[in-house]
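Me: Hi! Could you walk me through this structure in plain words?
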Amino acid sequence: MNTDVSEFSTILQNCQKKTISNVSNVPSVRSCPNCKEAIEHVDACHNMGCVNCNRHFCFICLEKADDRGNLKCRQPHTVAPVQTPT
Ligand SMILES: [Zn+2]
Ligand SMILES: [Zn+2]
């Protein structure tokens, strides 16, 4: 996605919030914690693979998965704040 920073910021802040894996109010667009690519949530699961770098991460808390794609979410599972691209 070729968006400039201000546009990206607007998308991150104004995107729809949805319930993912029983956690409500999760932004439907996140910036990949690995490569910063904008990722729209499409699945029911919080474990999403980045379309750009293939890194898996948790859409709710933004913890990166390990090399085998296993998430290491901390409990309690809290929604990471809306990101601001830099
Ligand atoms: Zn990525
Ligand atoms: Zn998580």
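Me: How much of residues 16–66 is helix, and how much is strand?
Reply: This is a predicted model. In it, residues 16–66 are 0% helix and 41% strand.

Me: OK, and what does UniProt list for residues 16–66?
Reply: The UniProt record, an unreviewed entry, gives "domain: IBR" for residues 16–66.

Me: Let's look at strands. How do S1 and S2 pair?
Reply: S1 covers residues 17–20 and S2 covers residues 23–27, and they pair in the antiparallel sense over 3 bridges. Ile-20 stands opposite Val-23 in S2.

Me: What's between S1 and S2?
Reply: There are 2 residues between them, and the two strands form a hairpin. Ser-21, in the turn, has a positive phi of about 50 degrees.

Me: Switching topic: how many residues are in the largest nonpolar core?
Reply: That core has 12 residues, including Phe-8, Ile-20, Val-26, Met-48 and Phe-59. Strands S4 (38–40) and S6 (56–58) each supply at least two of the core's residues.

Me: Which residues does Val-26 contact, skipping neighbours within four places in sequence?
Reply: Among them are Lys-17, Ile-20, Phe-59, Ile-60 and Val-79.

Me: Now Pro-85. Where does it lie?
Reply: Pro-85 is in the segment after S6. Leaving out residues up to four places away in sequence, Pro-85 touches Val-5, Phe-8, Ser-9, Leu-12, Ser-31 and Lys-36.

Me: Why is Pro-85 called partly exposed?
Reply: Because 15 other C-beta atoms lie within 10 Å of Pro-85, and partly exposed falls between 12 or fewer (exposed) and 20 or more (buried).

How values were computed. Residues numbered from 1 in each chain as written. Chains lettered and ligands numbered in written order. Predicted model: local features only at pLDDT ≥ 70, side-chain atom pairs only at ≥ 80, totals over all residues. Pairing = 2+ DSSP bridges. Helix = DSSP H or I, 4+ residues; strand = E, 2+ residues; numbered from the N terminus. UniProt positions renumbered as here; feature names shortened; annotations may be inferred. Core = buried A, V, L, I, M, F, W, Y, C linked by C-beta atoms within 7 Å. Contact = placed C-beta atoms within 7 Å.
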